[in-house]
Amino acid sequence: MADRVVLDGVLTRLVPTTEGDVDLLAQWFASLDFVEHWGGVPLSRAEVAEKYVGRRRPRVESFLVLAEGAPVGYAQYWRAGVAGGGIDMVLAPEARGRGLGPDAARVLLAHLGGDLGWRRMTVDPARGNLRAVRAWEKAGFRQVPSAGENLLMEYRFPEGHLGRLG
């Protein structure tokens with residue numbers, strides 16, 4: 001896994017979360033608007049501190065998503081198997097619809113495929129979260145057959161691809 005790497009996109013920058021981010025993340029994850037499609041239940045400060053400020057490294061890498069230097073969301077990735085894993089992301093309501101999600105997803109893909117050599121990444125947005133589904137599609141993810149309340153979407157680098165996005 002990465003060692004606290006900063007990832008730069010065109011519109012976004014992803015910086016590893018730290019203990020200093022607990023208050024901001026706790027505020028976000030306590031908001032129904034923020035967690036609507038992230039389990040739907042507000043989280044306590046203790047839950048946020050345990051899960052989202054880097055305490056699960058190296059299994060899960062956690063990032064603040066920044067736009068124009070200001071925090072606008074949270075993203076994480078984890079390894080599942082030899083050459084792949086999953087990504088989760090949630091943006092603050094006021095940051096949605098501005099192209100920030102697809103940009104952050106693309107920078108994660110470039111890092112995971114190019115720097116770490118992963119070949120397959122998945123995401124699982126809620127079926128009813130059409131904005132998120134469209135954002136993942138804009139980043140290159142495609143739906144695969146799945147059951148349940150969440151869709152399964154995947155991104156696969158083409159055979160022989162060096163992991164860099166075009």
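A search of the whole structure, a predicted model, gives 13 aromatic pairs. One of them joins Phe29 and Trp38. Their rings lie 5.6 Å apart, centre to centre, with 70° between the planes. The geometry is edge-to-face. Both Phe29 and Trp38 are buried.

Phe63 and Tyr77 form a stacked pair. Phe63 is buried, as is Tyr77.

Aromatic residues also gather in a cluster. Trp28, Phe29, Phe34, Trp38, Tyr52 and Tyr74 make up one such cluster. Phe29 and Trp38, the edge-to-face pair, are thus among its members.

Helix α5 spans residues 130–138. Its buried residues are Ala132, Val133 and Trp136. Viewed down the axis of α5, these buried residues fall within an arc of 100°, so they line one face of the helix. In an α-helix there are 3.6 residues a turn, so residues three or four places apart point the same way. The face of α5 turned away from the buried side bears Leu130 and Lys138, which are exposed.

The buried residues of α5 pack against both strands and a helix. The strands are β5 (84–91), β6 (120–123), β7 (142–144) and β8 (152–156). The helix is α4 (100–115). Just after α5, Gly140 adopts a positive phi of about 110°.

Note on methods: Residues numbered from 1 in each chain as written. Predicted model: local features only at pLDDT ≥ 70, side-chain atom pairs only at ≥ 80, totals over all residues. Heavy atoms only, no water. Phe/Tyr/Trp six-rings, centres within 6.5 Å; stacked < 30°, edge-to-face > 60°. Buried < 20%, exposed > 50% of the residue type's maximum accessible area, 1.4 Å probe, protein only. Helix = DSSP H or I, 4+ residues; strand = E, 2+ residues; numbered from the N terminus. Arc of directions from axis to C-beta. Contact = heavy atoms within 4.5 Å.
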